Amino acid sequence: MSIPSPALSDSARCPCGSGDVLGACCGPVLRHERRAGTAQALMRSRYTAFALRDLEHLLASWHPRTRPAPEELTESLRPDVRWLRLEVLATERGGPFDDTGTVEFIAISKSPQGRHKQHEVSRFVREDGAWYYVDGDA
Ligand SMILES: [Zn+2]
């Protein structure tokens, strides 16, 4: 499956809305140069992966127990879906000394069908030093 990826340089503002540039935020995580140190950092990198249609990072950051088949992500990665904004509302645990954590967020996207607001509490676990997305309650 090949989906054209919107090119974004490392000096562009990171899509996750941290205020940092891509090269100092989610970029190195997507390229596997650096691990996300917290559940929130992993969550942000996954939002950026949706925005940049980085299927590989989405799958790699998904816990093997709940990881979907690549085809199941096709809808979210459609080229006509634009990811507009991420707001992190709350985090619980998910820090460098935790093995579990949750992140509550709102992600806003836009498709030809209209604007979509996704409000979710995501669960994360850390195994062998790497954070993984497990699942979430919408
Ligand atoms: Zn970022």
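## Charge over a ring

A charge is taken to sit over a ring if NZ of Lys or CZ of Arg is within 6 Å of the ring centre and within 35 degrees of the ring normal. In this predicted model, where local features need pLDDT of at least 70, side-chain atom pairs count only at pLDDT 80 or more, and totals for chains, interfaces and linings use all residues, Arg-46 lies over the face of Trp-62, 4.4 Å from the ring centre. Residues are numbered from 1 along each chain as its sequence is written, and side-chain values use heavy atoms, with hydrogens and water left out.

## Aromatic pairs

Rings of Phe, Tyr and Trp (its six-membered ring) pair if their centres lie within 6.5 Å, and planes under 30 degrees apart count as stacked, over 60 as edge-to-face and the rest as tilted. The count by this rule is 4 aromatic pairs. The ring centres of Phe-50 and Trp-83 are 5.2 Å apart with the planes at 35°, so this pair is tilted. Because Phe-50 belongs to helix α2 (residues 39–51) and Trp-83 to strand β1 (residues 82–93), the pair ties together parts that are 33 residues apart in sequence; helices (H or I, at least four residues) and strands (E, at least two) are DSSP runs, numbered from the N terminus.

Phe-50 is buried at 14% relative accessibility, and Trp-83 is buried at 16%, where buried means under 20% relative accessible area, exposed over 50% and partly exposed in between (1.4 Å probe, protein chains only). Phe-124 and Tyr-133 form an edge-to-face pair, 5.7 Å centre to centre with 65° between the planes; Phe-124 is buried at 1% and Tyr-133 at 10%.
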